[in-house]
Amino acid sequence: MSKIESPVPGYQQLTIEPYTPTIGAVVHDFDLSNLQDESARAELRKALAQYQVLFFRNQQLSPEAQIAVARVFGDPDKTKAFFPRHETQNTIEVLEVKPGGHRYGTDQWHTDITFDANPPTGTVLYSKIIPTVGGDTVWASGTAVYDSLPRALQLYLQELQATHSFEHSGWPAYFESLKDGDALYRQARHDHRPVVHPVIQTHPVTGKKIVYVNPNFTDRIKGLSRQESDALLSLLFARFQRPEFQARLRWEKDTVAIWDNRATVHYAVSDYGDQHRLLHRVTFGEDQAF
Ligand code: SIN
């Protein structure tokens, strides 16, 4: 990506280029290992709320520096996810797929950890090893999906609550494939009871309404029959698949993506065969989702 001529107005510290008309922005020529300036940090928070996912190329971040990036947006210290952890920094999850190795089931549309009462508000993902081709990540905007719905449906959805559960995802099958899988699965069920979230959330910074369901973890809409719930959820999930509401990142090594986990769903495209893919992930802000 080349440097742009005319940065968008409203930003003094950041050179921002919208990535699509709906979602995403590239932040050019910004060194995420240097976050001393509070006005730059404030602009990063503003840009994340406005664009929902931000991309930064050519970043050189130590594990500590990646955690410092997350800290700009929220407390990164109490992550809840299931992925393996970094050898020296427990806050960092290591998403590594080796040739022929296990894939983590992130090739489903999902919002991170909505099977918990307080999912993270966002995530910092940093690429270390990237396939020559393939392995993109796609984000879709829950605010764009909401705005696209008929007014009567928007109003109806605002009354509804949905149950989210990790058991709804493909993870139980993964547990079954492990040596101590039964015990791990029982423990996970004990630790993560199903939770209920409103189907429509309001973003605390932008005030925009968000369709807050995702195919990986949303099991059913409360108060509806299974048939009605499945039909309504199918309609909403189909909206997230519209390319108009999406941004698809082609990773390069040393790229950072930061997303607003309240306003988006994402999908890790699993099309890279036996190539190696390694990213470091930090989630932040899980005590203050909405
Ligand atoms: C994730 O779902 O958090 C990981 C996305 C990716 O690996 O691209």
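**Reading the ligand site and selected residues**

Tutor: The residues around the ligand are L95, T106, H110, D112, L125, T137, W259, H266, A268, R277 and R281; a residue is near a molecule if one of its heavy atoms lies within 4 Å of it. This is a predicted model, in which local features need pLDDT of at least 70, side-chain atom pairs count only at pLDDT 80 or more, and totals for chains, interfaces and linings use all residues. Residues are numbered from 1 along each chain as its sequence is written, and side-chain values use heavy atoms, with hydrogens and water left out.

Student: How many nonpolar, polar and charged residues does the shell around the ligand have?

Tutor: Ala, Val, Leu, Ile, Met, Phe, Trp, Tyr, Cys and Pro count as nonpolar, Asp, Glu, Lys and Arg as charged, and the others, Gly among them, as polar. By that scheme the shell holds four nonpolar, four polar and three charged residues.

Student: Which side chain has a polar atom 2.5 Å from an oxygen atom of the ligand?

Tutor: A polar contact is a pair of N or O atoms within 3.5 Å; within protein, one must be able to donate a hydrogen and the other to accept it, and residues adjacent in sequence count only if both atoms are side-chain atoms. Here the side chain belongs to T137, at 2.5 Å from a ligand oxygen. For R281, a side-chain N or O atom is 2.7 Å from an oxygen atom of the ligand, and for H266 the distance from a polar side-chain atom to a ligand oxygen is 3.0 Å.

Student: What percentage of the area of the ligand does the protein bury?

Tutor: Accessible areas come from the Shrake-Rupley method with a 1.4 Å probe; for residues, only the protein chains shown count as cover. The ligand taken alone exposes 260 Å², and the protein buries 99% of that.

Student: Which elements give two or more residues to the shell?

Tutor: Helices (H or I, at least four residues) and strands (E, at least two) are DSSP runs, numbered from the N terminus. The elements in question are β14 (264-268) and β15 (277-284).

Student: Is H28 buried or exposed?

Tutor: Buried means under 20% relative accessible area, exposed over 50%, and partly exposed in between, with a 1.4 Å probe and protein chains only. H28 counts as buried because its relative accessible area is 6%. H28 lies in strand β2 (residues 25-28), and its side chain makes a polar contact of 2.7 Å with the side chain of E17.

Student: Where is H164 found, and which side chain does the side chain of H164 contact?

Tutor: H164 belongs to strand β7 (residues 161-164). The side chains of H164 and T114 make a polar contact at 2.9 Å. With a relative accessibility of 0%, H164 counts as buried.

Student: Which residue other than glycine has a positive phi near 55 degrees?

Tutor: That residue is N58, located in the loop between β3 and α2 (63-73). N58 counts as exposed because its relative accessibility is 61%. Q52, which is not a glycine either, has a positive phi of about 75 degrees. Q52 sits in the loop between α1 (38-51) and β3 (53-56), and its relative accessibility of 4% means that Q52 counts as buried.

Student: How far apart in space are L232 and A162?

Tutor: Sequence separation and spatial separation are read side by side. L232 and A162 are 70 residues apart in sequence and 11 Å apart in space, C-alpha to C-alpha. L232 lies in helix α7 (residues 226-240) and is buried at 11% relative accessibility.
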